[in-house]
Amino acid sequence: MTAPPGNGHDDAAAAAAGFAGLPLPVVLFDAQGRFLRLNEAAERWLNLSTRSVRGLSPGDPSLFARLRVAAEVPALLAAAAASEEPVHRRRVTFQIGDRAGGWTLRRGAVHLSALPGGGSVAAIVPDGDGVEPPRRGARAAIGMAEMLAHEIKNPLAGIRGAAQLLRQGLGPEDRDLADLIVAESRRIVALMDQVERFGDTSPPRRGAVNIHDVLDRARRIFELTGRAPRMVSDYDPSLPPALVDADAMVQLVQNLLRNAAEALGRAPPPDPLIRIRTAYDGTVRADTGEPLPLQVEIEDNGPGIPDAIADQIFEPFVSGRENGTGLGLALVGKIVTDHGARIRVDSQPGRTLFRLSLPRAPDPRGPHPHRPDSRHPEPPR
Ligand SMILES: Nc1ncnc2c1ncn2[C@@H]1O[C@H](COP(=O)(O)OP(=O)(O)OP(=O)(O)O)[C@@H](O)[C@H]1O
Ligand SMILES: [Mg+2]
């Protein structure tokens with residue numbers, strides 16, 4: 001470098017020029033640990049512009065609405081500045097504000113090195129954006145399970161019928177045992193029914209659906225079970241209709257509500273709460289490029305998804321609770337995939353958020369250049 005020693009800003013600027021086009025998020029900090037520059041990848045990943053954060057430290061309270069970093073980040077910066085050796089930390093959490101007023105949690109490994117003239121440079125290796133359902137994954141296993149389910153249901157009906165008949169000739173104590181057989185066979189049949197639902201390859205019957213009706217329906221059914229914690233709905237009333245299969249969506253939302261309630265029941269926080277939110281975000285797209293502008297968020301303040309299964313929750317038969325069959329989210333994943341939609345989850349103790357992104361139904365009036373929907377214009381294709 002040509003900059004004289006001691007001129008940290010010039011070194012940093014030279015470094016920034018070199019890092020600008022790197023695909024990894026890279027952030028330069030000055031000697032006081034304040035933001036100096038973000039490369040493009042960092043601006044995208046942190047959803048911040050250099051201009052808006054320059055001169056602020058990552059923990060600055062004025063940044064709280066847009067970025068919250070783990071408390072260790074300022075400490076890491078100090079450690080890097082004081083050390084000749086680079087400092088590494090894995091799985092650092094960044095809580096990143098989005099335009100819809102919500103949050104996305106992102107994790108990544110942070111590699112920090114001191115710059116020769118003061119200041120430091122941080123490269124972030126993202127862990128991947130939340131957890132998403134497997135693309136195709138477990139279909140083969142499900143096909144097998146589906147076949148088994150079918151085979152198991154028949155003899156089970158026989159066992160249940162036999163237990164019911166036996167019961168009639170038994171004394172009160174033995175009746176309990178017969179009842180147990182009947183109840184447990186019923187439980188297995190319910191499980192097998194769920195497995196068979198995976199095998200249903202018929203495409204979803206998609207139509208223009210008011211997603212708030214779906215959410216209210218799912219919420220009402222769930223509240224009728226009597227196991228629902230306090231729920232708060234926060235809807236964007238101007239949301240256009242979604243292009244979805246309403247029944248499948250009700251099923252999906254119910255599965256998410258049930259999981260949230262179960263988690264809240266397992267380790268209740270002081271004020272257990274499920275929040276259901278909707279919002280419009282024209283920038284969200286499927287991998288195919290199809291716009292998925294309708295956002296539905298289901299958030300709970302429970303204990304969070306256990307670390308051990310966090311990466312596999314959309315796989316069938318992965319469960320983190322006693323008596324869980326691990327099919328709820330696998331079915332959610334299937335419905336989402338069938339719709340060409342997306343679901344992501346961000347979870348930490350005290351906050352678990354499932355965000356569903358759905359396609360919008362075409363305007364029945366057809367696209368019309370002179371009649372733009374000014375609140376929610378269609379994103380360009
Ligand atoms: N909101 C949540 N908070 C904490 N953990 C969750 C949440 N949602 C899901 N999980 C975890 O993910 C696991 C898988 O969920 P899934 O719905 O697939 O299966 P399950 O609830 O265990 O069983 P099933 O839904 O088939 O009765 C759960 O067992 C739980 O450990
Ligand atoms: Mg479940």
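Two strands pair if DSSP finds at least two bridges between them. Strands (E, at least two residues) and helices (H or I, at least four) are DSSP runs, numbered from the N terminus. This is a predicted model, where local features need pLDDT of at least 70, side-chain atom pairs count only at pLDDT 80 or more, and totals for chains, interfaces and linings use all residues. Residues are numbered from 1 along each chain as its sequence is written.

Let's start with the chain: it has 9 helices and 13 strands. Of its 381 residues, 31% are buried, meaning 20 or more other C-beta atoms, placed from the backbone, lie within 10 Å of the residue's own.

Now for strand E11 (residues 294–300), where 7 of 7 residues are buried. Leu294, Val296, Ile298 and Asp300 point one way, while Gln295, Glu297 and Glu299 point the other. Here are its partners:

| Partner of E11 | Sense | Bridges | A bridged pair |
|---|---|---|---|
| E13 (351–358) | antiparallel | 7 bridges | threonine 352 and aspartate 300 |

Next, the nonpolar cores, which are sets of buried Ala, Val, Leu, Ile, Met, Phe, Trp, Tyr and Cys residues joined through C-beta atoms within 7 Å. The largest has 46 residues, and Ile211 and Leu358 are among those with the most contacts inside it. Helix H8 (residues 246–266) gives this core its largest share, 11 residues. Leaving aside neighbours within four places in sequence, isoleucine 211 is in contact with Leu294 and Val296, among others; contact means C-beta atoms, placed from the backbone, within 7 Å. Apart from that core lies another, of 30 residues, including Ala41 and Ala81.

How values were computed:
Chains lettered and ligands numbered in written order. Buried ≥ 20, exposed ≤ 12 C-beta atoms within 10 Å, placed from the backbone. Contact = placed C-beta atoms within 7 Å.
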